[in-house]
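Visitor: I would like to know what stands behind the terms used for this model. Please show it first.

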Amino acid sequence: DGVVEGDGSGDGAPLLSAEWRYVLSLVLDGASVLDGISADGLRLVFSSTQHGRSLHTLTAKIEGYPGGLLMLMRTDSGQVLGGWVARGVRQCKEEVGFEFCGDEQTTLLRLTPSLGVFRAVGEGGARAFCYLNNKRGMRRGVGLGGSVRAPRLWLEPGLNEGTSASSCSTFESGMLGAESFGVSKVEVWGTGGWAAERALIDRRDAQVGMRRRGAARFLRLEATGGDDDGAEVGVAAGLAQGDSWLLGLLSKAGSYHRHRFS
């Protein structure tokens with residue numbers, strides 16, 4: 001029936017078993033895929049069982065991940081659908097609008113009830129590989145192929161419903177699953193092992209540090225009436241004196257993040 005033993009049909013079992021790692025290492029292109037999926041470098045980045053059904057958490061876990069990502073969802077009927085994105089998963093940029101990420105290595109997958117691999121069309125095809133957005137003003141969710149309004153495979157922001165289609169101009173044609181379905185479980189697996197995770201942590205710590213320094217400077221300017229040299233000015237300085245603990249808190253938090261993974 002095309003089902004590989006250990007396909008994650010049990011509630012506690014992962015969707016990606018050791019058998020599926022081996023199968024996918026054979027059918028997906030690229031040496032990095034072979035090395036990452038078949039070896040110990042593959043790790044669970046997100047699981048709706050562990051992290052909850054939150055698009056915010058999912059986005060925080062996968063955006064900017066420095067390795068490849070294997071996204072999988074199990075439908076209420078037991079099908080396992082998903083896709084492989086080799087690199088560059090990011091959210092849409094507001095100034096660009098609807099923007100897709102990924103490249104020609106991006107691949108649509110159906111693991112059960114039978115294996116289906118739908119590769120990018122390549123030359124002459126569209127480049128709507130992967131869509132990720134958790135920002136207001138644009139459609140929220142995760143999609144592969146098609147368009148933002150009519151994706152080939154789509155996961156709603158509640159991570160509990162999805163849709164699929166049999167064709168699009170980005171990937172090879174073929175039936176993925178039902179036109180609409182409930183989702184019982186979502187998992188995202190990343191290649192690169194702990195080195196990729198550490199790189200992601202370092203990147204996010206740098207971003208947090210930049211925001212914290214900006215907030216500290218803002219509070220300092222408020223406390224001095226706009227004088228960055230620190231001279232106290234009028235009522236603003238008097239009000240800020242009572243809230244000086246904020247600056248200390250920011251400073252301590254910055255120190256915590258710097259030494260957390262040292």
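**Terms and cut-offs**

Guide: α4 (55-62), β2 (69-75), β3 (80-85), β7 (141-144), β8 (153-155) and β10 (180-190) each supply at least two residues of the lining of the largest cavity. Helices (H or I, at least four residues) and strands (E, at least two) are DSSP runs, numbered from the N terminus. The model is predicted: local features need pLDDT of at least 70, side-chain atom pairs count only at pLDDT 80 or more, and totals for chains, interfaces and linings use all residues. Residues are numbered from 1 along each chain as its sequence is written, and side-chain values use heavy atoms, with hydrogens and water left out.

Visitor: Why does Cys168 count as buried?

Guide: Buried means under 20% relative accessible area, exposed over 50%, partly exposed in between (1.4 Å probe, protein chains only). Cys168 has 18% relative accessibility, so Cys168 counts as buried. Cys101 is buried too, with a relative accessible area of 3%.

Visitor: What are the buried residues of α4?

Guide: Leu55, Leu58, Thr59 and Ile62. They cover an arc of only 100° around the axis, so they sit on the same side of α4. That arc is taken from the directions from the helix axis to the C-beta atoms.

Visitor: What follows α4?

Guide: Gly64 follows α4, and its phi is positive, near 80°.
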